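User: I have a model open and would like to go through it with you piece by piece. Could you take my questions as they come?

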Amino acid sequence: MFGRSRSWVGGGHGKAARSIHSLDHLKMSSGQTQFPEAMPRSWLQYMYHVLTKNTTVTDHNRNLLVETIRSITEILIWGDQNDSSVFDFFLEKNMFVFFLNILRQKSGRYVCVQLLQTLNILFENISHETSLYYLLSNNYVNSIIVHKFDFSDEEIMAYYISFLKTLSLKLNNHTVHFFYNEHTNDFALYTEAIKFFNHPESMVRIAVRTITLNVYKVDNQPMLHYIRDKTAVPYFSNLVWFIGSHVIELDNCVQTDEEHRNRGKLSDLVAEHLDHLHYLNDILIINCEFLNDVLTDHLLNRLFLPLYVYSLVNQDKGGERPKISLQVSLYLLSQVFLIIHYAPLVNSLAEVILNGDLSVFSSKVEQDVQKNSAKSSIRCFIKPTETLERSLEINKQKGKKRVQKRPNYKNVGEEDEEERGSEDNQDDLDKTKGTEASSKSIRTSSENEEIEMVIMERCKLSELPISTVTEQNTTDEEKSAAASGNEITNWNRPFLDMVYNALDCAEDDYYALFVLCLLYAMSHNKGIDPVKLERIQLPAQHAEERNSYNHVLAEGLIRIMNYAAQPDGKIRLATLELGCLLLKQLVFSRNNSIIKDVHLACLEGAREESVHLLRRFYKGEEIFLDMFEDEYRSMTIKPMNVEYLMMDASILLPPTGTPLTGIDFVKRLPCGDVERTRRAIRVFFMLRSLSLHLQDEPETQLPLTREGDLIKADDVLDLNNSDLIACTVITKDGGQVQRFLAVDIYQMSLVEPDVARLGWGVVKFAGLLQDMQVTGVEDDSRALNIIIHKPASSPHSKPFPILQATFIFSDHIRCIIAKQRLAKGRIQARRMKMQRIAVLLDLPVQPSTEIMGFGHSSSATAQHLPFRFYDQSRRGSSDPTVQRSVFASVDKVPGFAVAQCINQHNPSPLSSPSPSSGSGSTGRCDSVAANSASAPSAAQSPSVRSGRKGRRRVFSLSEADSHGGHWV
């Protein structure tokens, strides 16, 4: 709609990237030559002469006038930047009046569109305030604003609202006087813009919101008082009705789309509601107190309470009040608490949900949601009696009468002057509410009128029945009694009961997910008073230290975890993860767990159930290991974001188990064995992490591959006595490098010799063996194609190769040896990880006599084998290996010391110590090449040994290779 029209004339059709408000666009669309820069004033005089000769628009001069207006705009922009005399001439000749006269002649859409477009460009590119003052003087701009355009034309509508938005961006304490007339109480820029608040085109509605926010930000008290007295009640009442009607449409879409056939429309409706909430929050955070009071009153008493909250416990569609479904109500309330943090609003809303009952909807004289003062209004979602445009016109006429009859008073005596009955009385009462709220903080020239309004309001309040005040005081006493635990039997809280009952997930978690989101949003809302949450023992995000928690809520959360661990459980992963987050927040106080033993025992039972569930899917196939690591990686890299979760419209629909809907896996039920396996793995991870966290125990077995233990690029390794295979690596882009291939327990590495130290190497690439694919080359027996994929962050992401190259060896024998070692290393690496998973699941581990040439016991497989390497930055002068010669022999042949040691001791390859139980060497030969004091004791843990200095990196690949380290 805001793009270029199909009927656009002029050049530049291929330059879509240019802004329609740019000067370049104006030059291109005009299609004429540049004016002489040395004579801008003369050129403007010529343009003025053209306008004076063509005061009447005809078919013959229409194009000439349009091009003339464009040229004038271009000259004015040039003059703003270079020559102020241009504006002097423009103001002297009153040239703006020609623009207005052309509009008033009803010359057709073509001229209107071109004129609005050039005005947009002009005001967009004016940078000096003096030039802006010239353009805004004489009130011609306001005359253009109130001109009756044909808004049924989309292009005219687009340029008009864009013109208003451009003007609103120029508003400040100085320029506001050009738009707001304090004597006539007229503010055309604002009143004309808000008439389009419910326009069917979304871009127009967004522009209106921008204009209103720009107006509210201007700190001009007379102007803000005008907005409060004349426009706030009509605008906010119609806005609230528009939002509520939109919500009812959203609810109807949810009710009629149980088979997920209309998710596109539902997503658009949810996005529109989010835009509304963000707009309301933007108004509230401007912190204009009297506007906030009026807006808060309308939101609470006309939308949130009568439509959102009332629908929580009243699902009977036969009543007079409009209602929405329970899931939509919970969903929208969660969005409210996640987005809006204005304290008076969220505190009042939370008070009703956590401690209120249905009496807030039945009494005509209710407790004020902000200041505990009685007001005569009914909490009901009703349509305004007048449209916004009609209300603005009525208020404008009232303002004129008041100026004539009562120049010193505002909003007084309106009931006598206007015979509109109860409709006007209601409007006047709403206005006086906003005035009462603002009279304490704002003292301007209208202070006397405001005081009089407050006195009138108090007189009305004094006429209320005494029973009303008594009822209000009794309600406060009941709240205090409920907070202290007294008179619980007489305290009725239907909304809170609904929250607890919805946690029952025996059949599904449709409502439980929304309840958990609502509790999470309320506990993380910065505007809610923690005291209100403490009444139900729901701690805020940064609550003080405590020694008790809500047992009912904790038991409901633990039941969700028990259901999730069942084979036929209908709990989605999003519900389980959110339940774990809430339980941690509930039972932790200052980083100390205060959970009761009985609840911890129930939680441990759920964890055991998750272990038994995962055992059913434990397989020796390769896909299980990949799924296990992918799910752990996904859970840690992308933890749940509740804000994003509540932006997804798909969770409003009943839970489905098919991936054909496109819904994310964590937000739906599993489908097939593969997804059931993924779900069982994720449930196991969540409950295990929660159990360890509550017991303050560190995680020592996950992840299976720790980044800190892996070899990384630029690490410096001691390659003495290691089996290395020289090769030429040809990358995909054609580059060739000489490298040495080394294979470790979990990784393969490409190293090059360290020029500073003989027998040492610098790692240029390291990749996991389990992610490697090795294939031969058909026409070359000396070459291998090797691809190593990066571990995927998501099970559905496409594998990304971090290495894709051809390895060429000296002969086919070395090629076969390399292929066998890589294949065997991959098998052994995956086998070790599968054994570690078996230990996690308390499954029996098959003892193995060899892993990559290392003898080890079954207990050693459960522990992470440390990598023995040097990081150059960690070596210091105290390192004994730095103080000694690397080779004790004069031959300086790699592997010589180990060969000598083997000839002396000739140990069996199976007797070599395990990396998890011995020192960092492969055998006793280390005693020949290094000081025995540098070897750690066998009692040290792997984590301690991996950090010690003075150990050497040794690659031992098989039984036969372990008899001697040598270069192949």
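User: What stands opposite Gln 736 in E9?
Analyst: Ile 730 stands opposite Gln 736 in E9; strand E8 (residues 725-731) and strand E9 (residues 736-743) are paired in the antiparallel sense over 6 bridges, where strands are DSSP E runs of at least two residues, helices are H or I runs of at least four, both numbered from the N terminus, and two strands pair if DSSP finds at least two bridges between them. This is a predicted model, in which local features need pLDDT of at least 70 and side-chain atom pairs count only at pLDDT 80 or more, while totals for chains, interfaces and linings use all residues. Residues are numbered from 1 along each chain as its sequence is written, and side-chain values use heavy atoms, with hydrogens and water left out.

User: And what is the strand order of the sheet?
Analyst: The 8 strands form an open sheet in the order E7-E11-E10-E9-E8-E14-E13-E12, with antiparallel pairing. Strand E7 (716-718) and strand E12 (772-777) are the edge strands, each pairing on one side only. Direction ignored, neighbouring strands of this sheet are turned by 40° against each other on average, with axes being lines fitted to C-alpha atoms, for helices over the stretch in contact, and angles running from 0 to 180 degrees between N-to-C directions.

User: Which helix lies across E8 and E9?
Analyst: That is helix H32 (residues 812-840), which also lies across strand E10 (747-753), E12 and strand E13 (780-790), and runs at about 25° to E13; contact here means heavy atoms within 4.5 Å.

User: Is strand E11 buried or exposed?
Analyst: Strand E11 (residues 760-768) is mostly covered, with 8 of its 9 residues buried, and buried means under 20% relative accessible area, exposed over 50%, and partly exposed in between (1.4 Å probe, protein chains only). E11 is joined to E7 by 3 bridges in an antiparallel arrangement, and to E10 by 7 bridges, again in the antiparallel sense. Val 762 in E11 has Val 716 opposite and also Glu 752 opposite.

User: What about the turn between E10 and E11?
Analyst: E10 and E11 form a hairpin with 6 residues between them, and Gly 759 in the turn has a positive phi of about 90°.

User: Which residues other than glycine have a positive phi?
Analyst: Two to look at are Asp 696, with a phi of about 55°, and Asn 721, with a phi of about 65°. Most residues other than glycine have a negative phi, and most peptide bonds are trans.

User: Then how many residues of H31 are buried?
Analyst: In H31, 17 of the 23 residues are buried. Helix H31 (residues 672-694) should span 33 Å at 1.5 Å a residue, and this agrees with its end C-alpha atoms, which are 33 Å apart; the expected span is 1.5 Å times one less than the number of residues.

User: Last one, how many helices and strands does the protein have?
Analyst: The protein has 37 helices and 14 strands, and 54% of its 968 residues count as buried.
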